Amino acid sequence: MTAGTVPIISIVIPALEVDRELRRCIDSVRMLCPDASRCEVVLVVPERCARDARSSFPDEVVIRERFSSIYGAMNDGVARSKGQYVYFLGKDDIVLPGLVSALTILSNQSPSVVFGDVYWGDRGIHSGKPSKLKIIGKNLCHQGIIYSRETILKYGPYIRRMKVQADQLVNTRILWDREGDNNFVYLDKPLAWYSGAGYSSSVRDPLFWRLHPLILEKYVGAWAA
């Protein structure tokens, strides 16, 4: 990437290991968007993996996580990335051709958020169509959401003490912002393949659910709480 170039999108990938899964994920990105001046890849890894990551991926941005949590790593990735838009992936995800369509939307329409579908394991396509009612009880897959930098900075950062649903809080704030002028676009194509067997699928977030009634009361209304 040349000095002064602002990528269209920064793809932030927190990873605890530098392995074949991470290579597969990054290769899938680069097959669809080989130009780093358009698609910046930011790897957020523990200090013990930083040297290996830089050696294995010399053309990507590699940073060391400051806090050992998934949301801490995502916050670090946002802070160090440069793209107009931010997209979060796990190292076991695979980007699909829907990303190319999303890049066209980002360039031509400048939306606040693009919501897309996700191909979920062997179950097929999982809809990512945004719904204010759905977000009350169930989150949207982050593999199907691309945020403008202004949006993620306005409604973030992610709460590091939450295990797996800090992004549901951010998405709730976005979808239920009555005073915002958010411009959402729904793309009915899968942006990525998600295994459905990752950490977020098997771990409960006790802090989120303990605060959930207060979150709903503040951002949705007392009727929802």
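Student: Let's start with strands E6 and E7: how many bridges join them, and do they run parallel or antiparallel?

Tutor: Two strands count as paired if DSSP finds at least two bridges between them. Strand E6 is joined to strand E7 (residues 124-126) by 3 bridges, and they run antiparallel. As for the labels, helices (H or I, at least four residues) and strands (E, at least two) are DSSP runs, numbered from the N terminus. One note on the source: this is a predicted model, in which local features need pLDDT of at least 70 and side-chain atom pairs count only at pLDDT 80 or more, while totals for chains, interfaces and linings use all residues. Residues are numbered from 1 along each chain as its sequence is written, and side-chain values use heavy atoms, with hydrogens and water left out.

Student: Which residue of E7 stands opposite Val 118, and what lies between E6 and E7?

Tutor: Opposite Val 118 you will find His 126 of E7. The two strands make a hairpin with 3 residues between them, and Gly 121 in the turn has a positive phi of about 50°.

Student: Which other strands pair with E6?

Tutor: Strand E8 (residues 145-148) pairs with E6 in the antiparallel sense over 3 bridges, with Val 113 opposite Tyr 147. Strand E9 (residues 184-194) runs parallel to E6, and 8 bridges join them. There, Phe 115 has Tyr 186 as its bridge partner.

Student: How many residues of E6 are buried?

Tutor: Buried means under 20% relative accessible area, exposed means over 50%, and partly exposed is in between (1.4 Å probe, protein chains only). In strand E6 (residues 113-120), 7 of the 8 residues are buried, so the strand is largely enclosed by the rest of the structure.

Student: How do I describe two aromatic rings that meet?

Tutor: A pair of aromatic rings is described by the distance of the centres and the angle of the planes. Rings of Phe, Tyr and Trp (its six-membered ring) pair if their centres lie within 6.5 Å; planes under 30 degrees apart count as stacked, over 60 as edge-to-face and the rest as tilted. The whole structure has 6 aromatic pairs. One of them is Phe 115 with Phe 184, edge-to-face at 5.6 Å centre to centre and 85° between the planes. This pair links distant parts of the chain, with Phe 115 in E6 and Phe 184 in E9, 69 residues apart. Phe 115 is buried at 1% relative accessibility, whereas Phe 184 is partly exposed at 31%. Trp 120 and Tyr 194 also form an edge-to-face pair, 5.0 Å centre to centre with 85° between the planes. Trp 120 lies in E6 and Tyr 194 in E9, so this pair ties together parts that are 74 residues apart in sequence.

Student: Which cysteines form a disulfide?

Tutor: A disulfide is a pair of cysteine sulfur atoms within 2.5 Å. The structure holds 1: Cys 33 with Cys 39, their sulfur atoms 1.9 Å apart. The torsion about the S-S bond is about 90°, so the disulfide is right-handed. Cys 33 is buried at 1% relative accessibility, and Cys 39 is buried at 0%.

Student: What should I look for in the backbone?

Tutor: Most residues other than glycine have a negative phi, and most peptide bonds are trans. Here, Ser 110 has a positive phi of about 50° although it is not a glycine, and it sits in the loop between helix H4 (98-109) and E6. Gly 156 and Pro 157 are joined by a cis peptide bond, with omega about 0°. You will find Pro 157 in the loop between helix H6 (149-155) and helix H7 (166-175).
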